[in-house]
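Dear colleague,

Here is the structure I said I would pass on. My notes on it come after the display.

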Amino acid sequence: MFVLGTSAAALSAYLVSSATTPVYEATAKVLVQGRQTPGIPSAGDIQSSQQIAQTYMALVTTRPILEEVAQSLGLPYTPSIRVTSPRTLSEITASNSDPELAARIANTTAQTFIDNFLRRQFSQIAQFQLSLSQYGILE
């Protein structure tokens, strides 16, 4: 009787686990650094970089970034990602039943964030240059 019960439990566990679709995770890492004084980084430089990393990584999970990722990859849904930034090395993790797609989602999310960040920076520089030229400071 005991052997029959154990066998039934083992068979049930096998059937449940074989019917479950595996979920794979892929992680892209992004190094975030703030401005640093020349030489050895100070404690203030490190703390500033950590705060900037947390702020930037909060932006990664915004709808515009994730919608752009979905569009870039041709996904019919907005991907779900997890972001951790304990220090200046932040991690963007995507989960999917397809390991290659999980990797593409994580990598595309990181690259999309970086590209958007650079576009915003260049736009701000262009606006600043325009302001300077209007005052005759920059020709």
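Predicted model: local features only at pLDDT ≥ 70, side-chain atom pairs only at ≥ 80, totals over all residues.

The protein chain has 139 residues, and 25% of them count as buried. It contains four helices and three strands, and read from the N terminus the order is α-β-α-α-β-β-α. Among contacts in the protein chain with a separation of 6 or more, 65% are between residues 24 or more positions apart. The accessible surface of the chain is about 9700 Å², and carbon and sulfur atoms contribute 58% of that.

On the aromatic side chains, the count is three aromatic pairs. One of them joins tyrosine 56 and phenylalanine 113, with 6.0 Å from centre to centre and 50° between the planes, which makes the pair tilted. Tyrosine 56 sits in helix α2 (residues 43-60) and phenylalanine 113 in helix α4 (residues 99-134), so this pair ties together parts that are 57 residues apart in sequence.

Are the two partners buried or exposed? Phenylalanine 113 has a relative accessible area of 4% and is therefore buried, the cut-off being under 20%. Tyrosine 56 is at 23% relative accessibility, so it counts as partly exposed.

Regards

Key
Residues numbered from 1 in each chain as written. Heavy atoms only, no water. Helix = DSSP H or I, 4+ residues; strand = E, 2+ residues; numbered from the N terminus. Buried < 20%, exposed > 50% of the residue type's maximum accessible area, 1.4 Å probe, protein only. Contact = heavy atoms within 4.5 Å. Areas by Shrake-Rupley, 256 points an atom, 1.4 Å probe, with all protein chains shown as cover. Phe/Tyr/Trp six-rings, centres within 6.5 Å; stacked < 30°, edge-to-face > 60°.
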